[in-house]
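Welcome, and please open your viewer.

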Amino acid sequence: MKRKLFTRRGMLRLGAASAAAGGATLGYTFLLEPFWLELVQRDLPIRNLPGSLKGKTLVQISDIHVSGRVSESYLIESFKRVAELRPDIVVYTGDFISLDEETENSMAKVFPQLPKGRMGTAAILGNHDYGVNWAEEEWAQRVIGALDARGIPVLRKGVLDVGGLQILGLDDSWAEKIDLAKGLASLEPERAAVVLSHNPDTVDQGDWSGYEGWILSGHTHGGQCKPPFLPPPILPVVNKRYTAGHFELSGGRNLYINRALGYVHQVRFNSRPEVTVFKLA
Ligand SMILES: [Fe+2]
């Protein structure tokens, strides 16, 4: 007697199982992974690092996107986790806000909780900090003012010296505020340095000769959704190689791209939110 391969009951069971798996995946993608923060630990070897800074921690936080769309409690809980690490240096690599009707209210609650480094803290702006079309200087000034009130200086093309480490902040390229030549000229080439640049494409634009070291970026969010073994389908960069993590570049430079703490849309798959905890070496 021939056995039926597909019975009605079997098909119903398969359908129910697929629906449950689909529901679980959707739940994970929209409700779980966007808030499943990973503290990524890495060494950060810096040329001519003063002995007193060896072993110190530098925490990178990027792309917080304070707005009506990002959970305030998630951000504040994440900041508490960072503060508990008692980092020596904290750097922020832009996109503090996304502009919507809740941004200003949310800034008032979230910004006072931004963690700071025991030795120093520095920030740069990203394209979203410039509001609509990345062109609203008044929004940039509001973000700068709120960070200033929290005691966090925004470097627009200047250097902050923290215990002998020069931290150079470059302004945002999509907002057309970047001045690479002026920024690099303010570094003393023989002393330890690290560069903050929101958009990783900056590393391929302009003349970087004379700078050998790390550039810390954000902006891509790791693509937010990344199919396994394939590049993320949406990546807001010219060089699609620049997804997330470490990239060795020409001229003795190294790029690190943080996957972002917040999001523009509440969806993540295979690209967990990240705070990077570097150990200076
Ligand atoms: Fe961003």
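Which residue in β6 is the bridge partner of Val 162? Select Val 162 and look across to β6: the partner is Leu 165. As you explore, keep in mind that this is a predicted model.

**The sheet**

Now widen the selection to β5 together with β6, residues 165–169. These two strands run antiparallel to each other and are joined by 4 bridges. In general, the strands of a sheet pair through backbone hydrogen bonds, in either a parallel or an antiparallel way.

Next, bring in the rest of the sheet. It is an open sheet of 6 strands, and you can follow the order β5-β6-β7-β8-β10-β9. Its pairing is mixed. At the edges sit β5 (159–162) and β9 (245–248), each of which pairs on one side only. Ignoring direction, neighbouring strands here are turned by 20° against each other on average.

**Two backbone spots**

Most residues other than glycine have a negative phi. Here are two stops to compare with that.

Go to the loop between β10 (254–257) and β11 (274–280), and select Ala 260. Ala 260 is not a glycine, yet its phi is positive, about 85°. Is Ala 260 buried or exposed? It counts as buried, because its relative accessibility is 0%, and the cut-off for buried is under 20%.

Finally, select Asp 63, in the loop between β2 (57–61) and α2 (72–84). Asp 63 also has a positive phi without being a glycine, this time about 50°. With a relative accessibility of 0%, Asp 63 counts as buried too.

Notes: Residues numbered from 1 in each chain as written. Predicted model: local features only at pLDDT ≥ 70, side-chain atom pairs only at ≥ 80, totals over all residues. Heavy atoms only, no water. Buried < 20%, exposed > 50% of the residue type's maximum accessible area, 1.4 Å probe, protein only. Pairing = 2+ DSSP bridges. Axes fitted to C-alpha atoms, helices over the stretch in contact; angles between N-to-C directions.
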